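Biologist: Please show me the model. I would like to go through its helix packing and one of its pockets.

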Amino acid sequence: MSSPELYYIKQQFTLGAYPALVSLPLPDSSSSDYTPILLYKVRAHLALGDTPSALALIPNDTVNVAFRAAAALARGDEGLETLRDLCVEIEGDEDTEEWEKELVRVLAGTAFVRAGEIEEALETLGGEGKADDESAALLSQIYLSLARPALAQKILAPALKANPDALVLQLAESAISLVTGSQGTSGEPYAPALSFYNEQVANPSVSSAALLVGRAVVRILRGELSAAQSDLEEAEAVLTRAQCERGMNDMLAAMVVAASLGGTKRGDADQLWSRLSSQHPSHPMVTDISAKELLFDECASKFEIPPRAIAVV
């Protein structure tokens with residue numbers, strides 16, 4: 001069982017409170033929590049896009065497979081081969097703790113997904129009933145990205161049954177709810193997702209823009225645009241206070257949608273879109289719309305406008 005300190009760190013990481021996590025002090029190096037907490041801090045820096053700070057935390061010449069996997073993930077495509085080797089190395093290794101092996105698989109799976117190696121990620125993470133909590137959550141996200149929500153739910157169900165209180169699994173379940181519109185027991189659309197985000201946003205120990213953006217997305221889908229815009233304004237304030245650029249992209253994307261649907265001035269939505277497309281050109285929403293604009297122009301170029309008809313008297 002995790003100590004209260006380790007549980008708190010894990011909670012901050014899972015719920016996207018990365019700026020708060022990286023500012024927390026490390027326990028004494030003799031503590032059994034030292035290594036897992038240090039790894040969470042490394043991963044939080046990576047999530048924030050601060051690769052130098054992440055690498056600076058990893059001990060020099062470490063033989064720990066989890067630290068080596070984190071360093072390989074930080075190197076992007078250059079670290080893929082190292083991650084493949086580590087996945088082989090941990091098989092049958094009795095000296096490495098099970099949680100470290102699972103972390104290696106999660107980090108490797110993350111790197112493979114980023115590199116577009118989806119099949120390799122799926123093979124690395126395992127399958128139904130074989131993955132631990134974080135691996136099952138990541139697998140479900142991969143299947144959602146492939147438009148396979150039924151498979152995502154199939155992977156997640158046994159993990160949730162075994163550990164229903166795991167935040168990472170609840171977060172993954174809420175993502176499935178967003179995709180499928182599942183009603184849960186209440187009969188209201190997107191109820192599981194809304195329930196999860198309401199509970200976590202109300203948690204005084206967590207300050208996470210990601211949670212606020214997540215709840216805003218649920219509210220947009222439910223047509224609660226005013227409440228969604230309030231969540232997004234609060235998320236922007238959280239990110240501004242933390243001087244954190246990571247997370248601004250998803251917040252702006254949600255703001256564009258809320259403004260477009262909310263009957264506000266057309267200029268407001270256009271201004272938000274201009275911010276998103278100029279500051280975050282690689283955001284999926286920007287690349288998708290840009291691709292559709294190009295496709296439309298290409299199709300339109302194939303048609304000639306016929307001359308104006310002239311009435312004959």
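Modeller: The crossing of α10 and α11 is left-handed; that term applies if the near helix is turned anticlockwise from the far one by less than a right angle, and clockwise is right-handed. Helices here are DSSP runs (H or I, at least four residues), numbered from the N terminus. This is a predicted model, where local features need pLDDT of at least 70, side-chain atom pairs count only at pLDDT 80 or more, and totals for chains, interfaces and linings use all residues. Residues are numbered from 1 along each chain as its sequence is written, and side-chain values use heavy atoms, with hydrogens and water left out.

Biologist: Are α10 and α11 roughly parallel or roughly antiparallel?

Modeller: Helix α10 spans residues 149-162 and helix α11 residues 167-180. They pack at about 155°, with axes 10 Å apart. Axes are lines fitted to C-alpha atoms over the stretch in contact, and angles run from 0 to 180 degrees between N-to-C directions. Angles under 35 degrees count as roughly parallel and over 145 as roughly antiparallel, so α10 and α11 are roughly antiparallel.

Biologist: Which residues of α10 meet α11?

Modeller: Contact means heavy atoms within 4.5 Å. On the α11 side, the partners include Leu-169, Ile-176 and Val-179. From α10 come Pro-149, Ala-152, Gln-153, Leu-156, Ala-159 and Leu-160.

Biologist: How do α5 and α7 run, roughly parallel or roughly antiparallel?

Modeller: Helix α5 covers residues 65-74 and helix α7 residues 98-114. Their axes come within 9 Å and cross at roughly 10°. α5 and α7 are therefore roughly parallel.

Biologist: Which residues does α9 bring to its contact with α7?

Modeller: Helix α9 (residues 133-145) crosses α7 at roughly 15°, and the axes come within 9 Å. The α7 side has Glu-102, Val-106, Gly-109, Thr-110 and Val-113. From α9 come Glu-134, Ser-135, Leu-138 and Ile-142.

Biologist: Which helix gives the largest share of the lining of the second largest pocket?

Modeller: A pocket is an open set of points on a 1 Å grid over the protein atoms alone, where a 1.4 Å probe fits, with protein on both sides within 12 Å along at least five of seven lines; lining residues have an atom within 4 Å of a point. This one is lined by 12 residues, with Ser-2, Tyr-7, Lys-10, Asn-163 and Ala-166 nearest its centre. α1 (4-14) and α11 each supply at least two of the lining residues. The largest share, 4 residues, comes from α1.

Conventions: Parallel < 35°, antiparallel > 145°, perpendicular 65-115°, else oblique.
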